[in-house]
Structure formats: structure tokens, C-alpha cells
Amino acid sequence: KEVVLEAVREDFRALEFASNLLRADKEVVLEVVRQDGSALRLASDALRADRAVVLEAVMGDWSTLRLASDTLRADKEVVLEAVRQDGRALVLASDALRDDTEVVMEAVRHHGSQHLIPLLQWASDAFRERFFDFISQADRVVVLEALQRDGRALRLASDVLRADKEVVLEAVRQNVTAFEFASDALRADKEVVLEAVREDFRALEFASNLLRADKEVVLEVVRQDGSALRLASDALRADRAVVLEAVMGDWSTLRLASDTLRADKEVVLEAVRQDGRALVLASDALRDDTEVVMEAVRHHGSQHLIPLLQWASDAFRERFFDFISQADRVVVLEALQRDGRALRLASDVLRADKEVVLEAVRQNVTAFEFASDALRADKEVVLEA
């Protein structure tokens, strides 16, 4: 014993090589666990069930509670000592102590509200059922502080707190998806939903169907982000004022609008002013409308001409180059300087125009494929090409 005591004082791991008799000696094991609580693993089963030894071990290393006997993991004093070291020790306690208010609250108080959510996940189901009601009466600040760190903790709250406006809005500020766990009454409360969507428009996803069909609420949302139109009811996606507001913020939301509004000239003009690519989302009739297509071209410049024409109607493309060559021939030539193969979209007249064809070929030689037969048989032109 004297030799083993001297050895373990040098290094507690020496106990591993001691006789079974001395690994069951309380004086020796106490000497070891005072150095390092995890050394409890080297002790005999009898000493891992000894209260004084386990208490000494958990004071140095809370996680050694896992090595203690079932009896000591159900001993309130031992578990309280462990959770004072680290709240995570709660997961190692007996079922009865994970349902004990004093034990769980000691873990929370000692480690602060930032550990509240994982601690509650380790508490018993019964404790979680009553926890938020208990703590809201004892210390409401702790609940609100916890929700500031993890809004989705609202899912663990009682029905009473999930129906509490202040609590729910605090949760939503931290994580908008927490609104999913609010009571049905709050998700159908217009005032609450308006406050929630002002914090984050995505809260509308969890609002009642009635409020997703409320024009005031949806207008508030699409002013923040036009793409939120996807969260609105079908009726509001067919509402001119709502869709106009949405496309002003995000032209691509035109895809979410009703067929009627995708055929509404004012709505589509607003969208193509934001981005000419909105033309692809317009009705067939408006993709054949000169004013609409030219608004897209004028707003975004000739560098966007070619893709825009690909989205215009076939009929529009047939007449476009003749129209624009009369109105602004420079635009055609500038477009061809950026993409010579745009010549494939030109009318027969322009594909037979030497200046136009050569401009296209300078940018991309393969554009010569789209020149008229006459120019492809013209020696002078072929030499220049």
C-alpha cells in the first residue's frame, strides 16, 4: 500500500497497475481522484458506489458521474455537485433527478440561460412540460434571455407561453421559424403577424391562411422582399396592387403572379424596367408587344438585346430588326459587336446587308453562316470575312 500511495502521488495512472485489493482501497482511490476525477474508472465497483469517493471525483470532473453506480446517479447531493461543475451532467443523472426542479434549475442558474435549451432536452419529458410555466413565474427574464439566444426554444414552451405575445415576438426576433410554434390564436392575430413580418417577412409562412390572404399584411411583406409573394394566397397573387409592389422589389416575382397579371401591360412594363429578363415571364401577347420589348431593350442597353429577343415572340423577332434598323441602326450594329451570332435573328433584309454582316463576322466568324446566299457568294465579301 505504501508503495502504491507513493506511486499514485507521482502519477494517478499508476493505480491501473496496482493489485485489485488496492484498487478497492478507499484511501488509495481518494488520493487518486483528488488528482483527477476521471481516475474513478480505475477504482473497484465497490468504490464507484461509495458516496465520498464519487463526490470527490465529480468535484474534479463532472463527467465522472457516468462511472458512478446507478444508486449514486440517483443521489441528489452527488448530482447537484456534478451539475454545479457543468450543467451537462444532467444527462448522466437518474430519470427521477432529471425531473427534479431543484436539480435542473441548479444547472440552469449555474451555467446561465445560454445553456437552457440543451439542458431542457436532457431533462425529463414531464419536467419540460411544466418548466416554462414554472420559470416564467419565478424568473421570466431567464425565459426571454434564453429565447434571445435560441428562438426555436419556443417549441419546448408550454401552451401558455406559446400564446404569450411578448414571448413569441422575442423568439421570432431571434429566429423567424420560431413563429411556427406560436399558438394558433397568435398566428391568426393580425397585430401579432404584422409585428412578426416587420421583424422578418418569412414569418408569413407560419401565419394563418386567413392572414396570408390579408392584403395589408401581404403588402407589408412584399415591400420588404418581393419574393415573399410566394407566401401569399392565390387571390393576392392575382391582385394588381400587390403584384405591382412585388415586381418593383423583385422582377422575378412576376413568375408567381396570376396569368391575368402576366398579361397586364402595366405590371409587365414595371417588371422589365427592373430587369429585361422579366420578358420571358410575360404572356405571349406582351412578348409580341413592341413597347414592352423595346422598354426592356432601352432600359438595359443593347448588350441585353440578344437574350431579350430570344424571349420575345417569334412574330416580334421576324419584324424586330427591320423595325429597329429604321429607328436606330446603331443599336443593331452595337448588338452585333457584342454577339455576332445574333445575325441569325435578323430579317432577310439585314442578312443581305454587307455592313451588318461584316460587323457580325468581325465579332464571331461563325455568324457568316447566317448571311444571305448572295453575300456568301460575293467574292469581295468573302475575302473581307
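I'm working on a predicted model.

**Overview.** I looked up the secondary structure and got 25 helices and zero strands in the chain. The chain has 385 residues, and 51% of them are buried. I also checked the contacts with a separation of 6 or more: 46% of them join residues 24 or more positions apart.

**Helix α15.** Next I went to α15, residues 215–224, and asked which of its residues are buried. I found Val217, Val218, Leu219, Val221 and Val222. What do these buried residues pack against? My list has α13 (190–199), α14 (209–212) and α16 (240–249). A reminder on spacing: an α-helix has 3.6 residues a turn, so residues three or four places apart point the same way. I then looked at the start of α15, where Asp214 puts a side-chain oxygen within 3.0 Å of the backbone nitrogen of Glu216.

**Helices α3 and α4.** How do α3 (residues 26–35) and α4 (residues 51–60) cross? I have their axes coming within 8 Å, with a crossing angle of roughly 15°. Angles under 35 degrees count as roughly parallel, so I put α3 and α4 down as roughly parallel to each other. The crossing of α3 past α4 is left-handed.

From α3 I have Lys26, Val29, Leu30, Val33 and Arg34, and from α4 Ala52, Val53, Glu56 and Ala57. Sorted by class, this contact of α3 with α4 comes out as six nonpolar, three charged and no polar residues.

How values were computed
Residues are numbered from 1 along each chain as its sequence is written. This is a predicted model: local features need pLDDT of at least 70, side-chain atom pairs count only at pLDDT 80 or more; totals for chains, interfaces and linings use all residues. Side-chain values use heavy atoms; hydrogens and water are left out. Buried means under 20% relative accessible area, exposed over 50%, partly exposed in between (1.4 Å probe, protein chains only). Helices (H or I, at least four residues) and strands (E, at least two) are DSSP runs, numbered from the N terminus. Contact means heavy atoms within 4.5 Å. A polar contact is a pair of N or O atoms within 3.5 Å; within protein, one must be able to donate a hydrogen and the other to accept it, and residues adjacent in sequence count only if both atoms are side-chain atoms. Axes are lines fitted to C-alpha atoms, for helices over the stretch in contact, and angles run from 0 to 180 degrees between N-to-C directions. Angles under 35 degrees count as roughly parallel, over 145 as roughly antiparallel, 65 to 115 as roughly perpendicular and the rest as oblique. A crossing is left-handed if the near helix is turned anticlockwise from the far one by less than a right angle, and right-handed if clockwise. Ala, Val, Leu, Ile, Met, Phe, Trp, Tyr, Cys and Pro count as nonpolar, Asp, Glu, Lys and Arg as charged, and the others, Gly among them, as polar.
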